[in-house]
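Here is a briefing on one protein chain and the two ligands modelled with it. Look at the structure first, then read the points below.

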Amino acid sequence: MSWPYHFIDVSDDQKHERRVLLDRYGICAQLSVLVPILGFQLYRLAIWVSSARSRAKTAYSEVPGSPMLKYRRPSTSRTLGRKWRSASWYLSDEFVPSWGRRGRLIGAGIWTAWLLFLCVHKTGDDYMHITKRFGEVAASQFPFHYMLSMKSFASPVAFLLHSSHEDLMPYHQISGRIIWVLLVQHGSWYLNSFIQRGILLQILTSNRAVILGMIAITFMNIIASSSLAIVRKWNYRAFFLVHVVLGISLPILLFFHASHMRIYMVEALAIFIIDVIARKLNTITGFATITKVPNTKLLKINLLLPESKLARFQAAAGQHVYLNIPHESTPPRTSNPSIHDLLYNPFTVAEVSDSSITLVVRSLKGPTSKALDMLSTSSKSRPPINIEGPYGASKKFPNLANYDRILLVGGGVGATFVLPIYRDVRDQLETEGKSPENVHLVWSMRSRYEAAWLSANTDDSLEKHANVQLYYTRTALDDHRDEIAPEDGSIELFDNMSLVQGNTEMPSGRHERPDLGKIVDDVFRLGFEETVAILVCGPTKLASDLRKHVGAWVGQGREVFWHDESFGL
Ligand SMILES: Cc1cc2nc3c(=O)[nH]c(=O)nc-3n(C[C@H](O)[C@H](O)[C@H](O)COP(=O)(O)OP(=O)(O)OC[C@H]3O[C@@H](n4cnc5c(N)ncnc54)[C@H](O)[C@@H]3O)c2cc1C
Ligand SMILES: NC(=O)c1ccc[n+]([C@@H]2O[C@H](COP(=O)([O-])OP(=O)(O)OC[C@H]3O[C@@H](n4cnc5c(N)ncnc54)[C@H](OP(=O)(O)O)[C@@H]3O)[C@@H](O)[C@H]2O)c1
């Protein structure tokens, strides 16, 4: 088969016809995002109808007495349900670690194929038509791409998909990669045409549209490479700054690059501005008390907030906020104070009282946690801190108390997410007259001192709960070895050890890593027909190991609600 595209001479009428087709395909590509959104609404409706029907059936059917008989009871809907659950679990598993979920990758493949079809369809053998079509279709995706990145309550996609910004973030990443591929195609096909016609140098130096287009593609390449997980891990600020600065510049450049792209770029910028305004409206300044949790690298931050704002924090457990350090609170020895203007770091709301919220922060090497650490020792009492939020997927969870068993697993500061949920579900079970022992909590932490941020409430001590398992995997000394170990001897070390091990009021637990396989098996074996909700927050490996063990039970047909809070960033 020979190469199908050629440089052809087109008349003005043909040019007009080509433009009409280009615009039509751009609009079609833009509006086709409504198809998956509509599909999702139909899916939710189908799930709702099916669960309403099965509830009605269960109410009237004769139910065998023993759990084993119940489990073995044959039924077509049961088999279908089991297959559906296994398939959904398989699709939400990672294809290759850190590549994202299988289902998302399949969705991304289908979406890319659809957009490529729109790039090619009815372009005939006109080389310039397909070249322009790549650009048109890429531009048409900008508004939806910006919508997927919206954090604020104004996000229409989050509203329609009954989702939250952290759930939508992976789709924003996928959409960004697709736009990048299409724009690179657009640019390289154009460059090839200039080379073929021998006008490359001349056009690259004199044509404004081409120069702006080349700058836009360079920006797109910088955004794509700085968004790689390895760069985000290495320096989140670099990724963030590049993303914000070039992310705003790109629609402006493309606005001036080609007139037919303008509508999409205006839409994208409008979405960006609406999100910024909504986020500002969702930001409040609270006065903080920052204290170090002894013998750990944890900071406890108590923020006084007005009652009106607290109601939203009380509405759901397990929400998070974005924390920003304003000018007046920036510690004096900060090397680059202006960096804080742009930094908003996420932290989970560990506790909510009638007047304040509490955050627990592991002090790391980055600018925000370093500044908070400095503030904990500064003489400034109650420094003002900006808080944006609350946000989180927990508002959209199904009612956890409706599950027969709930297993909550927290690793280190991940307990800031699972502990409030644990308390919330226990309270709800008690109110509904169900056994609070149906909720199990596993919390693995470096040392028992890491639990000291919990507000002292002797009536509600975790140790009194039969279904709470605490694990201590290191000594408190591990965290401080560099600071307190003497260079030449062990006398000082011994003193410090006795100091850190002296507090007897810490909760007791096992000095080992939790055996996740056994914990999961024990919960699932409690009832063969029981539905189980599992929520985890902590190190990535902890969550992925836990998921593997749960997967074995899903494979056997068990109904599971799974939530891993460590969302991909
Ligand atoms: C939803 C959520 C809740 C969290 N809750 C807690 C908590 O309760 N306690 C705790 O100690 N840690 C929590 N973390 C981790 C915490 O955000 C980082 O440890 C913290 O931002 C590090 O700040 P830094 O100044 O030391 O480092 P930085 O260099 O500023 O950031 C280090 C890492 O933090 C993450 N991060 C920073 N800013 C953002 C952002 N705007 N959006 C998403 N991720 C970002 C990135 O993974 C980045 O690589 C949470 C993370 C997430 C995503
Ligand atoms: N909402 C959120 O998204 C959110 C909220 C809070 C925290 N987080 C994230 O949670 C993580 C917690 O960090 P951290 O520094 O507090 O954790 P950490 O101290 O390094 O680890 C916590 C505990 O988990 C144990 N652990 C780790 N991997 C395990 C595995 N595979 N099996 C069994 N136990 C395992 C550790 O044991 P060892 O000591 O033996 O390693 C330790 O006891 C961070 O990545 C943070 O960003 C996310």
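A polar contact is a pair of N or O atoms within 3.5 Å; within protein, one atom must be able to donate a hydrogen and the other to accept it, and residues adjacent in sequence count only if both atoms are side-chain atoms. Such a contact is found at the start of helix H6, where a side-chain oxygen of Asp-126 comes within 3.1 Å of the backbone nitrogen of Met-128. The model is predicted, so local features need pLDDT of at least 70 and side-chain atom pairs count only at pLDDT 80 or more, while totals for chains, interfaces and linings use all residues. Residues are numbered from 1 along each chain as its sequence is written, chains are lettered from A and ligands numbered from 1 in the order in which they are written, and side-chain values use heavy atoms, with hydrogens and water left out.

**The chain as a whole**

- The chain has 21 helices and 11 strands; helices (H or I, at least four residues) and strands (E, at least two) are DSSP runs, numbered from the N terminus.
- Of its 569 residues, 45% count as buried; buried means under 20% relative accessible area, exposed over 50%, and partly exposed in between, with a 1.4 Å probe and protein chains only.
- The accessible surface of the chain is about 30,000 Å², and 60% of it belongs to carbon and sulfur atoms; accessible areas come from the Shrake-Rupley method with a 1.4 Å probe, and for residues only the protein chains shown count as cover.
- Among contacts with a separation of 6 or more, 75% are between residues 24 or more positions apart; contact means heavy atoms within 4.5 Å.

- Helix H6 covers residues 127–140, and its 14 residues should span 20 Å at 1.5 Å a residue; the end C-alpha atoms are 20 Å apart, which agrees. The expected span is 1.5 Å times one less than the number of residues.
- H6 is largely enclosed by the rest of the structure, because 13 of its 14 residues are buried.
- Asp-126 sits in the loop between helix H5 (102–120) and H6.
- With 8% relative accessibility, Asp-126 counts as buried.
- Not counting residues up to four places away in sequence, Asp-126 touches Tyr-5, His-6, Ile-8, Val-10 and Arg-18.

**Two phenylalanines**

- Phe-153 is in the loop between helix H7 (142–148) and helix H8 (156–160), and its 56% relative accessibility makes it count as exposed.
- Phe-153 touches Ala-278 and Asn-282, not counting residues up to four places away in sequence.
- Phe-194 belongs to helix H9 (residues 165–197), and at 6% relative accessibility Phe-194 counts as buried.
- Apart from its neighbours within four places in sequence, Phe-194 is in contact with Ile-199, Leu-200, Ile-203 and Val-210.
- Phe-194 and Leu-204 are 10 residues apart in sequence, and their C-alpha atoms are 9.1 Å apart in space.

**Ligand 1**

- There are 22 residues around ligand 1, and those that come nearest are Arg-237, Tyr-344, Pro-346, Arg-362 and Ser-369; a residue is near a molecule or strand if one of its heavy atoms lies within 4 Å of it.
- An oxygen atom of ligand 1 lies 2.7 Å from a polar side-chain atom of Arg-237, and a nitrogen atom of ligand 1 is 2.6 Å from a polar backbone atom of Tyr-344.
- Ligand 1 exposes 880 Å² when taken alone, and the protein buries 83% of that.
- Strand S4 (345–352) is one of the elements that give two or more residues to this shell, and S4 gives the most, with four residues.
- By class, the shell around ligand 1 has 12 nonpolar, seven polar and three charged residues. Ala, Val, Leu, Ile, Met, Phe, Trp, Tyr, Cys and Pro count as nonpolar, Asp, Glu, Lys and Arg as charged, and the others, Gly among them, as polar.

**Ligand 2**

- Ligand 2 is surrounded by 23 residues, of which Arg-362, Ser-444, Arg-446, Thr-473 and Arg-474 are the closest.
- Oxygen atoms of ligand 2 lie 2.6 Å from a side-chain N or O atom of Arg-446 and 2.7 Å from a side-chain N or O atom of Arg-474.
- On its own ligand 2 has 940 Å² of accessible area, and the protein covers 77% of it.
- Strand S8 (439–445) and helix H21 (540–555) are the elements that give two or more residues to the shell, and the largest share, three residues, comes from H21.
- The shell around ligand 2 has seven nonpolar, nine polar and seven charged residues.
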